[in-house]
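Biologist: I'd like to learn how to read ring contacts and pockets in a model. Can you walk me through one?

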Amino acid sequence: MINYSELEDLFIPDNCYDLSYYDYLTGRFLDTDSYICFNDIRDTCYLTSNEDLKAFMKREYFEGKRVATVGSSGDQMLDSLLLGAKDVTLIDANYYSRAFAEYKMAMIKNLDYATYIDLIDDPRTKLFDINIYKKISHDLSKPAQEFWDRIYLEYQGGYNDSTDFCEEYYAKRVTAAAISLELIQFDCEVGVNYISSQENYNKLQDILRKGYFTLNFIRSDISNFDEVLDGKFDVIMLSNIYDYVDHYNFCRHAKDLYNSRLNPGGVMQVDYSFSYRYFPEELIEYFKGYKLDKPAVPMGAYILHKPRENAIEQCDASME
């Protein structure tokens with residue numbers, strides 16, 4: 001069995017994420033004027049995915065494959081690993097997706113299923129308890145550990161001020177509740193594979209402990225995905241970025257990814273639906289003529305299928 005901690009740098013390169021992105025978050029814990037819950041998708045992570053990942057994430061898409069996925073909750077990445085992906089890139093506009101994704105990975109590697117579910121069910125008081133951090137911090141990469149250390153250790157004692165009130169006030173600021181308010185949007189999981197059963201959780205735990213996979217983390221806006229991604233992928237998942245950006249520009253960027261970053265025979269999630277009554281009309285019109293699967297369930301996904309090379313050749317020959 002591979003010792004993940006000894007070979008960690010092979011799987012999560014320490015230089016693949018700039019810690020400067022984190023500086024202003026830790027500063028907010030000491031700034032009385034900014035102690036509020038931020039809801040910008042670039043500043044807060046989803047507690048869990050609110051997509052029905054089980055409805056469209058099929059093992060045949062992922063087993064042994066390269067995956068590029070968004071998802072500040074980290075659940076798309078974790079479910080990809082559960083389904084056998086060997087190379088996963090988490091690419092997201094969120095500044096803290098790596099720190100939170102690694103926090104969840106470390107929890108899964110060190111905690112049993114019942115404990116993990118208990119923490120997820122009570123994020124305000126339990127998820128970021130310092131005693132939990134002490135149990136899992138050794139399994140974080142150096143950049144992620146440095147980020148969490150700044151919050152838990154450097155600021156845990158409070159601000160050095162002459163007044164008892166100020167010292168006590170700041171000391172209480174850095175608590176599990178304060179971290180969760182600053183960092184997390186409280187969405188409940190809908191259909192996440194690894195959370196759905198103890199059996200799946202234990203499988204993922206074994207995968208993470210053995211470490212036979214490669215992980216990469218990139219912070220980027222959708223407009224730069226095509227430029228910063230390395231190579232081609234068998235699966236690309238874009239969640240519901242479509243809902244947050246200009247629709248035409250999204251479709252254009254998604255098409256660029258389809259053409260240049262998706263392998264023949266690969267699949268690309270271009271959106272997901274909150275209900276059967278919701279139809280992304282511009283997206284459906286833009287990809288008319290492509291093989292586009294529509295959701296079979298609420299919270300399901302719109303999936304583009306790229307033909308295999310021999311199918312493309314046959315199609316080109318028929319048009320001559």
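Modeller: Rings of Phe, Tyr and Trp (its six-membered ring) pair if their centres lie within 6.5 Å; planes under 30 degrees apart count as stacked, over 60 as edge-to-face and the rest as tilted. This is a predicted model, so local features need pLDDT of at least 70 and side-chain atom pairs count only at pLDDT 80 or more, while totals for chains, interfaces and linings use all residues. Residues are numbered from 1 along each chain as its sequence is written, and side-chain values use heavy atoms, with hydrogens and water left out.

Biologist: How many aromatic pairs does that rule give?

Modeller: The count comes to 15 aromatic pairs. Take Tyr116 and Tyr201: their ring centres are 5.4 Å apart and their planes are at 45°, so this pair is tilted. Tyr116 lies in helix 7 (residues 113-121) and Tyr201 in helix 13 (residues 198-210), so the pair ties together parts 85 residues apart in sequence. Helices (H or I, at least four residues) and strands (E, at least two) are DSSP runs, numbered from the N terminus.

Biologist: Is Tyr116 buried or exposed?

Modeller: Buried means under 20% relative accessible area, exposed over 50%, and partly exposed in between (1.4 Å probe, protein chains only). Tyr116 is buried at 0%, and Tyr201 is buried at 0% too.

Biologist: Which charge lies over the face of Phe233?

Modeller: A charge sits over a ring if NZ of Lys or CZ of Arg is within 6 Å of the ring centre and within 35 degrees of the ring normal. Over Phe233 you'll find Arg66, at 4.2 Å from the ring centre. Phe233 also has a bridge partner in strand 7, Leu262.

Biologist: In which sense do strand 6 and strand 7 pair?

Modeller: Two strands pair if DSSP finds at least two bridges between them. Here strand 6 and strand 7 pair in the parallel sense, over 4 bridges. Strand 7 is mostly covered, with 9 of its 11 residues buried.

Biologist: Which strand gives the most to the lining of the second largest pocket?

Modeller: Strand 7 does, with 4 residues. Helix 4 (59-62), strand 6 (233-237) and strand 7 (262-272) each supply at least two lining residues.
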